[in-house]
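Hi there,

Here is the structure I promised to pass on. My notes follow below it, so please read them with the model open.

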Amino acid sequence: MKEYKLKINGNEYEVSIDSLDGQNASVSVNGRSYTVAVGGPTAASAPAAAPKPAASAAPAPVSAPAPAAAGGGAVKSPLPGVVLDIQVAVGDTVQPGQRLMILEAMKMENNIDSDKAGTVKEIKVSTGDSVLEGDVLVVIE
């Protein structure tokens, strides 16, 4: 297993490559496991392949809209960043447009708002957590 400490746009990530099998790699980023596709001439070189998935996630558009609640009520992060403030608690009733949390990304504060009415069933992150694009932040039912 190869381990790396990456700093992308001021955010630190601990990345380990658990296995590399052909064009798929099993990696862990800040303790969360992912399976990533590795392509091109860098597939034979695990160190060159590891930074590319994390680096490609960093330049996500800053103007990304507030996350939509996907099926099952999961509110996902629209871009990688750090959770600055959580403004709801489990059991709170929320309305569309209500602020759930503030996410800092690329030195900008981004409001994460609810796009549907419901009750907060679960908060998957804590203040100070680094999140990646697509990570589930809050579950609303």
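Ser26 has Thr35 in strand 4 as its bridge partner, and Val29 stands opposite Arg32 in that strand. Strand 3 (residues 24-29) and strand 4 are paired in the antiparallel sense over six bridges; two strands count as paired if DSSP finds at least two bridges between them. Strands here are DSSP runs of E with at least two residues, helices are runs of H or I with at least four, and both are numbered from the N terminus. The hairpin of strand 3 and strand 4 has two residues between the strands, and Asn30 there takes a positive phi near 50°.

Before I go on, a word on the source: this is a predicted model, in which local features need pLDDT of at least 70 and side-chain atom pairs count only at pLDDT 80 or more, while totals for chains, interfaces and linings use all residues. Residues are numbered from 1 along each chain as its sequence is written, and side-chain values use heavy atoms, with hydrogens and water left out.

Now the sheet around that hairpin. Four strands form an open sheet in the order 1-2-3-4, with antiparallel pairing. Strand 1 (2-8) and strand 4 stand at the edges with a single partner strand each, so one side of each has no neighbour in the sheet. On average, neighbouring strands of this sheet are turned by 30° against each other, direction ignored (axes are lines fitted to C-alpha atoms, for helices over the stretch in contact, and angles run from 0 to 180 degrees between N-to-C directions).

As for the whole chain, it has two helices and 13 strands. Of its 141 residues, 39% count as buried, where buried means under 20% relative accessible area, exposed means over 50%, and partly exposed lies in between (1.4 Å probe, protein chains only). The chain exposes about 7500 Å², of which carbon and sulfur atoms supply 50%; accessible areas come from the Shrake-Rupley method with a 1.4 Å probe, and for residues only the protein chains shown count as cover. Among contacts (heavy atoms within 4.5 Å) between residues at least 6 apart in sequence, 46% join residues at least 24 apart.

Which residues touch the most other members of the largest nonpolar core? They are Met101, Leu137 and Val138, in a core of 16 residues. A nonpolar core is a set of buried Ala, Val, Leu, Ile, Met, Phe, Trp, Tyr and Cys residues joined through side-chain atoms within 4.5 Å. Strand 9 and strand 13 each supply at least two residues of this core, and strand 9 gives the most, with four. Leaving out residues up to four places away in sequence, Met101 touches Val83, Asp85, Ile86, Gln87, Asn110, Asn111, Ile112, Val125, Leu137 and Val138. A second, separate core has six residues, including Tyr13, Val15, Val29 and Leu132.

Pro80 sits in the loop between strand 6 (74-76) and strand 7 (81-86), and counts as buried because its relative accessibility is 9%.

Finally, the charged pairs. Side chains of opposite charge can pair when their charged atoms come close. The structure holds three salt bridges, each defined as a side-chain nitrogen of Lys or Arg within 4 Å of a carboxyl oxygen of Asp or Glu.

- Arg32 and Asp135 meet through their side chains at 2.7 Å, N to O. This pair links distant parts of the chain, 103 residues apart: Arg32 is in strand 4 (residues 32-37), and Asp135 is in the loop between strand 12 (130-131) and strand 13 (136-140). Arg32 is partly exposed at 31%, whereas Asp135 is buried at 8%.
- Arg99 and Asp113 have their closest N and O atoms 3.2 Å apart. Arg99 lies in strand 9 (residues 99-105) and Asp113 in strand 10 (residues 108-113), so this bridge ties together parts 14 residues apart in sequence. Arg99 is partly exposed at 32%, and Asp113 is buried at 18%.
- Glu122 and Lys124 have their closest N and O atoms 3.4 Å apart. Glu122 is partly exposed at 36%, and Lys124 is partly exposed at 41%.

Best wishes
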